[in-house]
Amino acid sequence: MEYVKLVNGVEMPLLGYGVFRVSPDECERCVSDALKVGYRLIDTAQAYDNEEGVGRAWRKSGIPREELFLVTKVWVSNAGEEKAATSIDESLRKLETDYIDLLLIHQAYGDVFGTWRAMEKAYRDGKVRAIGVSNFQAGRFFDFAHYADVKPMVNQLQCNALAQQKDIQPLLDETETKTMAWGPLGGQGVDGIVNSDMLTAIGQKYGKSAAQVALRWLTQRGIVAIPKSSHIERMQQNFDIFDFTLTQNDMVQIEAMNESDAGFIDFTDLKFVKYLIENYG
């Protein structure tokens, strides 16, 4: 496994396993399989309703807690200093752990500054090792980071070969914020990565699939990727990406695949924002 070092010195695995849309009933099995394959970073969220499955799986695995990197996110309904603080303790309980390795604000709406104050306190108190945000696009991220005492250490975004998040990268570099890629093989609004002729051709040189090339392209750039699969064979394939290195020419070819500098989902869209606030705020 390769790692990226966050601004506070915490080392984070460059590849993890995501449990978005993994049902609560299936989560324990899927995470158990992922841990058997070798994954040590597990990404969940309060809104996924499967934190307990993650907790049960790692507890039963016998893997020492210090070898794991658990990520979760504070949902909009728990925004605000007091509610966020309560929800952090609830996530700790569900995950069956004394600390969370990385805690993120899930969406850029609601009382995010109140939430951040609760997260900063949890960070100072040792309940959390690192804090960051998710789905904060460029303008929102600049506004938030400008006023936050502790700058976000991670921004989790839709990021892959077709949605490369180029517009926000200079801003993230300024704040030493690392990118974490959800949907690294596609995700909402993205098709064509695993069936890409170009990625397939590049992969043939290394005995790798198009998906493995797409994941290696991200991790080789220092971007943390969290692919999801419910099948252990696919989990293994996604995990086997650190035994080859893409050439500079490979990297340039893949960069040319970009179709969206800011991802394919507009998290600033008024309909989306109204839906979040009216249903969860």
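pLDDT is the predictor's own confidence in each residue, on a scale from 0 to 100. You need it here since this is a predicted model, where local features need pLDDT of at least 70, side-chain atom pairs count only at pLDDT 80 or more, and totals for chains, interfaces and linings use all residues. Residues are numbered from 1 along each chain as its sequence is written, and side-chain values use heavy atoms, with hydrogens and water left out.

So how does the protein chain score? Its average pLDDT is 96, and 99% of the residues reach at least 70. Confidence is lowest in helix H11 (residues 270-280), with a mean of 94, and highest in strand E6 (residues 102-105), at 99. Those labels come from DSSP runs numbered from the N terminus: helices are H or I with at least four residues, strands are E with at least two.

Now find glutamine 212, which sits in helix H8 (residues 210-220). Glutamine 212 counts as buried because its relative accessibility is 9%, and buried means under 20% relative accessible area (1.4 Å probe, protein chains only). Leaving aside residues up to four places away in sequence, glutamine 212 touches Gln237, Asp240, Ile241 and Phe244; a contact means heavy atoms within 4.5 Å.

Next, look at helix H1 (residues 24-37) and helix H9 (residues 232-239), whose axes come within 10 Å and cross at roughly 40 degrees. Axes are lines fitted to C-alpha atoms, for helices over the stretch in contact, and angles run from 0 to 180 degrees between N-to-C directions. Cys30, Asp33, Ala34 and Val37 of H1 meet Ile232, Met235, Gln236 and Phe239 of H9.

How values were computed
Buried < 20%, exposed > 50% of the residue type's maximum accessible area, 1.4 Å probe, protein only.
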